[in-house]
Amino acid sequence: MAKTKTTQKKQVNLLTRILIYIGIPIVVIYGASSLFTMYGVNVQITDLTEKQLVSESNAAANEVAGVFNQYLEITKQMAVNSQFEDSINEVTPGMVPTAAAGFAKSEKTLAGVKATDPNILEAWIADVDSNQLFLSKGYYASPDWVAVERPWYIQMMDVGGSTMTSPYVDAMTGKMVVTAVTPIYRTGTTQVIGAAGLDFTLDSVSTMMSEYKLGKTGFFVLASSDGQLIYHPNKDYVNTNIIDSKMSDNVKEAVLNQKDGKIDYISDGSHNHGNISMVGNTGWTITAGLPDKEFDSAFNKFMMITIIV
């Protein structure tokens with residue numbers, strides 16, 4: 001009997017030693033291997049998701065830039081139209097533009113430009129010398145209106161070419177409007193004698209932004225060069241400056257300083273992974289955002305499956 005108990009005790013001790021020297025290391029190795037695998041998978045999933053964010057953000061920015069470039073291109077074509085230069089040369093200070101022989105033709109051309117797009121509120125030519133605007137229907141002149149003092153003119157001269165203003169509220173329609181403008185030079189010189197401009201609404205751009213999808217809960221934010229929010233999923237922010245929004249300081253600073261690239265930020269209390277893309281060379285930005293829950297969802301599903309298996 002004593003011999004049997006001794007034998008059983010030796011067998012138990014042997015099993016214990018096997019568990020200690022073989023079983024536990026196997027468990028440790030398996031656990032470490034699983035953690036290493038999960039870490040690698042997490043890195044890969046994160047990288048793929050971030051690349052998708054960058055791609056979607058850039059695609060949206062390129063599409064919006066395409067819209068703006070269309071308007072800028074129209075002003076460039078207007079600026080090299082000889083009939084507009086002739087009208088500017090013909091109208092002298094104090095002269096009523098309609099008295100000029102070429103005004104009717106210029107007016108008709110401007111009306112044709114305006115008719116090409118329902119978002120164009122006005123197509124115009126500015127005469128720097130006489131401080132008057134030639135419009136698609138008539139003209140505008142006022143003792144207080146000085147061409148070289150207009151914000152669009154100052155901005156145009158600062159950039160030395162075509163430019164686009166920040167949005168402003170049109171007094172007549174109450175809509176958000178942007179002005180695209182290109183300098184008109186005297187032929188063969190660098191002397192600026194006028195400007196060709198378009199005033200257009202942002203209705204089509206806002207509609208375009210609302211149609212962009214980023215996963216199930218992701219979103220896009222469009223801001224002008226001075227930080228004015230043109231589109232934001234929180235409609236209370238639209239037409240306000242980003243500095244006044246409940247977005248974290250790091251994204252406010254990036255947008256205002258026009259710094260593109262990947263960024264993590266908070267918007268309305270929600271932490272987001274995102275990316276900032278430049279809208280052409282306008283200084284405007286599109287910021288993509290994907291909340292943590294959806295950003296991490298793919299890895300969380302993988303981890304749950306791994307644990308179950």
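The model is predicted. The protein chain has 8 helices and 12 strands. Of its 309 residues, 41% are buried.

**Whole chain**

- The accessible surface of the protein chain comes to about 17,100 Å². Carbon and sulfur atoms account for 58% of that surface.
- Take the contacts in the protein chain between residues at least 6 apart in sequence: 53% of them join residues at least 24 apart.

**Second largest pocket**

- The second largest pocket has a volume of about 250 Å³. It is lined by 13 residues. S162, T163, M164, N281 and T282 are the closest to its centre.
- Helix α1 gives the most, with 4 residues.
- By class, the lining of the second largest pocket holds 8 polar, 3 nonpolar and 2 charged residues.

**Helix α1: S57**

- S57 is found in helix α1.
- The relative accessible area of S57 is 0%, so this residue counts as buried.
- Beyond its neighbours within four places in sequence, S57 is in contact with F220, N275, I276, S277, I286 and A288.
- Of these partners, N275, I276 and S277 fall within the range of strand β11 (270–279).

**Helix α2 and its cap**

- Helix α2 spans residues 82–90. Its residues Q83, F84, E85, S87 and I88 are buried.
- N81 caps the N-terminal end of α2. A side-chain oxygen of N81 lies 3.0 Å from the backbone nitrogen of Q83. Q83 is itself one of the buried residues of the helix.

- G160 lies in the loop between α4 and β4.
- G160 is exposed, because its relative accessible area is 54% and the cut-off for exposed is over 50%.
- G160 and P183 are 23 residues apart in sequence. Their C-alpha atoms are 8.3 Å apart in space.
- T165 lies in the loop between β4 and β5 (168–169).
- T165 has 9% relative accessibility and therefore counts as buried, the cut-off being under 20%.
- Not counting residues up to four places away in sequence, T165 touches W152, Q155, V178, T179 and W284.

- N239 is a residue other than glycine with a positive phi, near 70°. It is found in the loop between β9 (229–231) and α6 (249–256).
- N239 has 40% relative accessibility, so it counts as partly exposed.
- D268 is a residue other than glycine with a positive phi, near 55°. It lies in the loop between β10 (261–267) and β11 (270–279).
- D268 is partly exposed, because its relative accessible area is 38%.

Methods: Residues numbered from 1 in each chain as written. Predicted model: local features only at pLDDT ≥ 70, side-chain atom pairs only at ≥ 80, totals over all residues. Heavy atoms only, no water. 1 Å grid on protein atoms, 1.4 Å probe; cavity = no way out; pocket = protein on both sides within 12 Å on 5 of 7 lines; lining within 4 Å. Points joined across faces, edges and corners; volume = space filled by probe spheres on them. Helix = DSSP H or I, 4+ residues; strand = E, 2+ residues; numbered from the N terminus. Nonpolar A, V, L, I, M, F, W, Y, C, P; charged D, E, K, R; others polar. Buried < 20%, exposed > 50% of the residue type's maximum accessible area, 1.4 Å probe, protein only. Contact = heavy atoms within 4.5 Å. Areas by Shrake-Rupley, 256 points an atom, 1.4 Å probe, with all protein chains shown as cover. Polar contact = N/O pair within 3.5 Å; in protein donor to acceptor, adjacent residues only side chain to side chain.
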